[in-house]
Amino acid sequence: MTNRELEETVQRLVDGALEEAEFNRLQEHLRIDARARAFYRKSMEVEMLLAEGMGQRVEIRGNSGGMDQILLRRRKRDVTRATLATAAILLLTAVVMTFIMAKRSNPPALVCDLVPGTQWEVAGETLESRSGELKVTEGATVRVLSGTVRMALESGAVMVLRGPAEVRFPKLQEPVLVHGWLWLDTADGAESFTIETPGLIVRNVGTRFGVRVPEAGPTEIHLIDGVLKVTRIDGDDEAITLKPVKNSGFLVSLVGNVTELPLATDPFPTLRELLAAPLDYRTTVLGQGPAGYWQLDTPDEKNLKNEIVGGIVGYRGNDATPGKPGIGSEGRFDGFPDANHAIHLSGDPLTSVITKIDIPGGVSREEGGVSFWIRRRQESEREEILWLAGRTPDDAAIFPKEAIMHARLARSGQAEFFIENGKFDILLSSNFSVVDDRWHHVAASWGPSAVELYVDGKRIGRVDDFGSLKPGVMQGEYVRFGKPSHELAKEGKQSFSGWVDEIAIWNRPLGRTEIAQQFKAALGRTKKPGSR
Amino acid sequence: MSSSNEHDLMREFVRELTEHQASLRSFVGYLMAGAQGVSDVTQEVNLILWEKRGQFEIGTNFRAWAFTTARFVVLGHRRRLRKEGLLVFDQDLIEQLADEWQAQPDEYQHRLATLHTCIEKLADADQALLRVRYSGHGGIERMAAKSGREGSSLRVRLFRLRAALKQCVERELAVEGGIS
């Protein structure tokens, strides 16, 4: 297609005069030719500018009153729109009437149970965890800001929604997952379910599985049992059939490509216990679905138990010493029952370290989250490394030579979080010291849209103009707490000398509400974590 | 959050939405390739953004958020149009076009001002023709009947005007160094 032909075709397109064959030819041309797309973009831009600049524009005031005009602006002559508006009102009335009638006849509903600490919204109303029976009916939109919601149908089928997540329920058996995690166990498999994600429809054939719509990138499907059929919403191609693969889930792209990824942890086995547990820091963190969570409460062992079933066991060095119960605030994080322990790191350059705090599939450079508690005395002005995920370029050593991302204490005590990202490295810093012999909650989150640092539940740093995060994964010994990488040690950064507790790592970005909820849950137990 | 903060947040949200309204509409039109319902889809995007305003944070990239929302709404609308048998781009192409648009710097208002400058350079009759075509106050055929000219000749003239305006905008921006 020549430029002239392209120009004519685009103009006929905007005039609504294009035949189907011409349209298809244009589409094919745009698909394969970047220059044609640029030409189309500029042509359409002028077209829309003309539409905007030649009289269709409606002036909009720059205050809240302007919202009415933005939301309600109409072309006076547009009779069709008036008709549509009337139809919409009638339809809305019909929906409301249907809803009222349905309420009267006790409609099918999802009966909801919440993991303690969960914060969620149904149709815009924010609800904290509370007792009593909660139901979600057809037409509802459910947003989980933090935590986990169990939703059961009369048939025995159970859905688990893990925040941050948003699901619409046009029908109870046909949820639309806008983002986040939705798990489904259809019990005996008698009932048919479909989950719609942006671009895909997942149909179960007697299954237990999880679907995740991340902030960016393809939909993830984690199949524990049964068979799934996946189709593209806009595709005419046949359904893809998925069957369980040991330790593997699936990434399904919008064009139907399937690749494997590490299988996420099945939430169902531990759900009953979690729902019955008291509200505390542990249940709050577990409700947020971490990929690894080390409470550091196994004082007699070098191996550090991972609270996630099947999770990777951590390991403490010789100069990482567990605190004992009964030593009061010295060794115990205040937000926990008496049996809680913390670990004291001496700051020794060799053996003061907690290692192998890794997650299945490794820590991704592109998205993830980490949280922990620290406490350090005001003794010396040292730059000290807290959490670190690094690599050794040739994989020849069992220690990280380079730190790809790490949290640290600055010389004057500020908490900092750093990501090595090629031309655009990211450094976030608190503007206050956390070295005051008090417990502080530190959390960092990174993903396609932002990198954030939080201290004591509050966001104290955020950057979102970095373009994108470089790909890569850090694993095994290269994910640790308390000890610098070789390169950082050469720069004068030292091992952490203080207390650490409750290290948790996520394979997705953490939300603001989630981190606030963690801190709030810790406050709820006893006295303020910052106090002695 | 204090009511004062909420008020600031709301003002900022409305300011951002207002500022990006025209470019949002333009983006929707571009993805929909001449299909019906650009206003309705833009309206739907506005409503969704309004409903989700609680997620908005001052200082974040409103444009990226709004355009990503618009992209999903267009894809949804596309499904409806396709079911009705209307001509719409494939989803993959829409995604590709959206990516390329969003990768461009946001200079919509500047381009609009430049277009006005270019329009002012046109003859009165040509400006009138553009007004007829784009203001929605009468069709080309009606104007043809009124002016005694053939509708096809006006359409050819319109074709040339659009091409000339496109070149003018590109040339003006290139002179200013505002375009690569």
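This is a predicted model: local features need pLDDT of at least 70, side-chain atom pairs count only at pLDDT 80 or more; totals for chains, interfaces and linings use all residues.
Helix 2 of chain B, which spans residues 21-32, has 12 residues and extends 17 Å from its first C-alpha to its last, close to the 16 Å expected at 1.5 Å a residue. Because 12 of the 12 residues of this helix are buried, helix 2 of chain B is largely enclosed by the rest of the structure. The buried residues include B:Arg25, B:Phe27, B:Gly29 and B:Tyr30. Just after helix 2 of chain B, B:Ala33 adopts a positive phi of about 50°.

The crossing of helix 3 of chain B past helix 4 of chain B is right-handed. On the side of helix 3 of chain B, the contact is formed by B:Val41, B:Glu44, B:Val45, B:Ile48 and B:Leu49, and these meet residues of helix 4 of chain B that include B:Phe62, B:Trp65, B:Thr69, B:His77 and B:Arg80. By class, this contact comprises 10 nonpolar, two polar and two charged residues.

Helix 4 of chain B also holds B:Leu75, which counts as buried because its relative accessibility is 4%, under the 20% cut-off. When residues up to four places away in sequence are not counted, B:Leu75 touches B:Gln91, B:Ile94 and B:Glu95. Between B:Leu75 and B:Gln91, the separation is 16 residues in sequence and 6.8 Å in space, C-alpha to C-alpha.

Key. Residues are numbered from 1 along each chain as its sequence is written. Chains are lettered from A and ligands numbered from 1 in the order in which they are written. Side-chain values use heavy atoms; hydrogens and water are left out. A crossing is left-handed if the near helix is turned anticlockwise from the far one by less than a right angle, and right-handed if clockwise. Helices (H or I, at least four residues) and strands (E, at least two) are DSSP runs, numbered from the N terminus. Contact means heavy atoms within 4.5 Å. Ala, Val, Leu, Ile, Met, Phe, Trp, Tyr, Cys and Pro count as nonpolar, Asp, Glu, Lys and Arg as charged, and the others, Gly among them, as polar. Buried means under 20% relative accessible area, exposed over 50%, partly exposed in between (1.4 Å probe, protein chains only). The expected span of a helix is 1.5 Å times one less than its number of residues.
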